[in-house]
Amino acid sequence: MNSASSKTNLLGLDHEGLVAFCAALGEKKFRATQLYRWIHQRGVADFEAMSDLAKSLRAKLAECAYIQALPVLTERASRDGTIKWLFDVGGGNAVEAVFIPEKDRATLCISSQAGCAIGCRFCSTGHQGFSRNLTAAEIVAQLWYAEHELRRRRRHKTSERQISNVVMMGMGEPLQNFGQLVPALRTMLDDNGYGLSRRRVTVSTSGIVPMMDRLAQQVPVALAVSLHAPQDPLRDSLVPLNKKYPLAELMAACRRYLQYAPRDFITFEYCMLAGVNDQPEHAQALLDLLNTDGLGVGWCKLNLIPFNPFPDSGLVCSAPHDVQAFAKVLLDAGVVVTVRKTRGDDIDAACGQLAGEVKDRTRAVVRMQRKRDAVPL
Ligand code: SAH
Ligand code: SF4
């Protein structure tokens with residue numbers, strides 16, 4: 001048995017969890033706060049280096065806990081500054097995190113599951129199927145690693161925060177991993193953790209209605225909803241979850257969320273697919289959907305995402321003039337529309353792509369291994 005397996009990776013505990021963990025060791029709350037700061041604010045993994053903790057506490061911690069990031073399988077840096085890490089989560093599975101620097105912010109896009117069970121037609125993660133939920137430690141590890149690794153690289157400003165925003169838009173459906181998502185989000189928001197405001201942390205969901213309500217009650221961060229179609233039959237075919245939570249229910253849940261959201265809008269994501277959902281009639285139907293109860297369209301933002309193609313998807317990215325025409329219908333009616341810039345093009349920094357490549361490679365390695373095993377030497 002791996003000695004680490006009976007120990008707790010402290011990256012997975014939120015502040016409250018760490019207080020309880022330390023209490024079980026007979027330690028006071030302020031010790032837990034000190035420890036939490038060492039971990040998240042200073043990126044320290046070695047208890048021995050935590051100089052203001054008593055030697056006896058450091059020894060106790062070393063016996064029952066550890067602080068560990070995920071092994072990095074690959075790192076790719078784009079000409080535009082985007083960095084994509086692929087992390088090994090064991091069992092031939094890999095997840096990715098993407099760092100996207102911009103003028104006024106630096107966003108980290110992180111994963112919540114290895115694979116995804118929702119199976120959206122245009123998503124390479126969905127095509128890979130579901131492997132497993134990430135633990136809270138594995139979710140936070142992506143941020144912990146990226147933040148402190150970037151600080152180390154930019155040595156001259158070690159305490160300056162590198163990541164200003166987090167979006168749960170990597171692999172997986174975060175609301176299908178709610179139990180692990182919540183402590184991870186709490187650590188992102190905690191003043192003794194990463195201290196990000198609720199408006200700078202976004203959960204993106206394909207629309208798991210009951211979990212949207214729970215998120216509103218427990219950690220109401222910014223919400224992005226992956227819409228992709230304005231009518232049920234089309235959305236059924238693109239996002240199979242729509243059959244369970246159709247558009248009317250989803251829109252009502254969005255309205256409810258708005259009462260708790262950190263800003264006065266919900267973001268809708270819409271992946272532009274040539275000839276499928278990008279025609280003027282789709283734009284008009286979308287407008288009607290957003291304005292269902294006649295309250296106007298001021299409560300939402302629309303993010304049009306150019307489809308990022310991958311092998312065997314059978315889908316094509318919309319032509320730029322179709323995207324523009326689509327956006328114009330909505331803009332003219334007062335909707336705030338943005339067209340997502342493609343970042344990290346040269347490194348395939350889109351949802352699930354690099355992980356897909358690795359998974360195929362891993363499968364190939366396993367196949368080769370089996371063949372070898374089958375051949376008597
Ligand atoms: N499961 C969540 C979050 C992860 S996906 C969700 O679906 O919202 C993050 C975003 O990337 C979603 O809006 C998703 O629709 C989009 N996406 C997935 N595959 C894509 C592709 N090939 N091209 C462009 N956007 C894609
Ligand atoms: Fe899962 Fe989101 Fe991909 Fe759909 S788009 S398969 S919900 S990761």
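The structure is a predicted model. In helix H3, which spans residues 55-64, some residues are buried, whereas Lys 55 and Glu 63 on the other side of H3 are exposed. The UniProt record, an unreviewed entry, places a "binding site" feature at Cys 116, Cys 120 and Cys 123.

**Helix H3**

- The buried residues in H3 are Leu 57, Arg 58 and Leu 61, and because they cover an arc of only 100° around the axis, they lie on the same side of H3.
- Lys 55 and Glu 63 belong to the other side of H3, where both are exposed.
- The partners against which the buried residues of H3 pack are helix H1 (15-24), helix H2 (29-40) and strand S2 (65-66).

**The annotated cysteines**

- Cys 116 sits in the loop that runs between strand S7 (113-115) and helix H4 (124-128), and Cys 120 is also placed in the loop between S7 and H4.
- Cys 116 counts as buried because its relative accessibility is 10%, and buried means under 20%.
- Cys 120 likewise has a relative accessibility of 10%, so Cys 120 counts as buried.

**Contacts of these cysteines**

- When residues up to four places away in sequence are not counted, Cys 116 touches Thr 125, Gly 126, Gly 129, Phe 130, Gly 172 and Glu 173.
- With neighbours within four places in sequence left aside, Cys 120 is in contact with Gly 126, His 127, Leu 238, Val 239 and Pro 240.

How values were computed
Residues numbered from 1 in each chain as written. Chains lettered and ligands numbered in written order. Predicted model: local features only at pLDDT ≥ 70, side-chain atom pairs only at ≥ 80, totals over all residues. Heavy atoms only, no water. Buried < 20%, exposed > 50% of the residue type's maximum accessible area, 1.4 Å probe, protein only. Helix = DSSP H or I, 4+ residues; strand = E, 2+ residues; numbered from the N terminus. Arc of directions from axis to C-beta. Contact = heavy atoms within 4.5 Å. UniProt positions renumbered as here; feature names shortened; annotations may be inferred.
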